[in-house]
Amino acid sequence: MKRTFILLIGVVAVITALFTNSSLPQKGYQVGEYAKDFSLPNVDGKMVSMSDFSNAKGIIIVFTCNTCPFANAYESRILELDKKYASKGFPVIAINPNDITQQPDDSMQKMKKRASDKGYSFPYVRDDSQEVAKAFGATKTPHTYVLNKEATGKYKVEFIGGIDDSPNDASDVSEAYVEDAVKALLSGNKPTVTEKRAIGCTIKWKS
């Protein structure tokens, strides 16, 4: 009996070791919490922080990448969000957190090429340490966070999740979660929908 118990404890320890990975994101921000500022390198060689956008009313943070088919499918919609709302006070910041040893095509060099080829109007920054992705609790590409800037200058999380309800086809969108959240905040209201499951590729975490 004692031997069986010891073996059981050993099995539990092995399973725990296999499924516990300190590099995986923790719980991350929840709706209503405040996001900490960050400083990450952009494709233009400069560092980008939320505090750089002094006139912003909020920020649309999108964790995305070069390599995920879902991220690619949403690329034009992310561009459109920035085109429509940056001038109204809600610019996009796109963050690539993927481990480049697993996805070499997500390197800064490849990010620069993609941003240039696709005409990105927004910062496209690398989160090499993956600390920002972990802080936000991002798990997918794309994974979106709509932040509202308060009078104190702090950014409150108002929406977390998917961009809309049609990952594969923009023409089939019936609910535009991120856009609806931004519209509500610009009108001085809270978003009706505050969370929707993000659909995309799993972020490639460092081992």
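**Close-up views of a predicted model**

**Overview of the predicted fold.** Of the contacts between residues at least 6 apart in sequence, 74% join residues at least 24 apart. The model is predicted. The protein has five helices and 11 strands. Buried residues account for 46% of its 207 residues. The accessible surface is about 10900 Å², with 54% belonging to carbon and sulfur atoms.

**View 1. Helix 3 and its cover.** Helix 3 spans residues 108–118, and its buried residues are Met 111, Arg 114 and Ala 115. Down the helix axis these fall within an arc of 100 degrees, so they line one face. Their cover includes helix 2 (69–85), strand 5 (92–96) and strand 6 (124–126). Gln 109, Ser 116 and Asp 117 are exposed on the other side. Just after the helix, Gly 119 takes a positive phi of about 70 degrees.

**View 2. The salt bridge between Asp 164 and Arg 77**. The closest N and O atoms are 3.0 Å apart. Asp 164 sits in the loop between strand 9 (155–161) and helix 5 (177–186), and Arg 77 in helix 2, so the pair ties together parts 87 residues apart in sequence. Both residues are buried.

**View 3. The salt bridge between Lys 156 and Glu 150**. The N to O distance is 3.3 Å. Lys 156 is buried, at 17% relative accessibility. Glu 150 is partly exposed, at 23%.

View 4. Glu 179 is buried at 16% relative accessible area, while Lys 183 is partly exposed at 42%. Shared partners join Lys 84, Glu 179 and Lys 183 into one salt-bridge network.

Terms used:
Residues are numbered from 1 along each chain as its sequence is written. This is a predicted model: local features need pLDDT of at least 70, side-chain atom pairs count only at pLDDT 80 or more; totals for chains, interfaces and linings use all residues. Side-chain values use heavy atoms; hydrogens and water are left out. Buried means under 20% relative accessible area, exposed over 50%, partly exposed in between (1.4 Å probe, protein chains only). Helices (H or I, at least four residues) and strands (E, at least two) are DSSP runs, numbered from the N terminus. The arc is that of the directions from the helix axis to the C-beta atoms. Contact means heavy atoms within 4.5 Å. Accessible areas come from the Shrake-Rupley method with a 1.4 Å probe; for residues, only the protein chains shown count as cover. A salt bridge is a side-chain nitrogen of Lys or Arg within 4 Å of a carboxyl oxygen of Asp or Glu.
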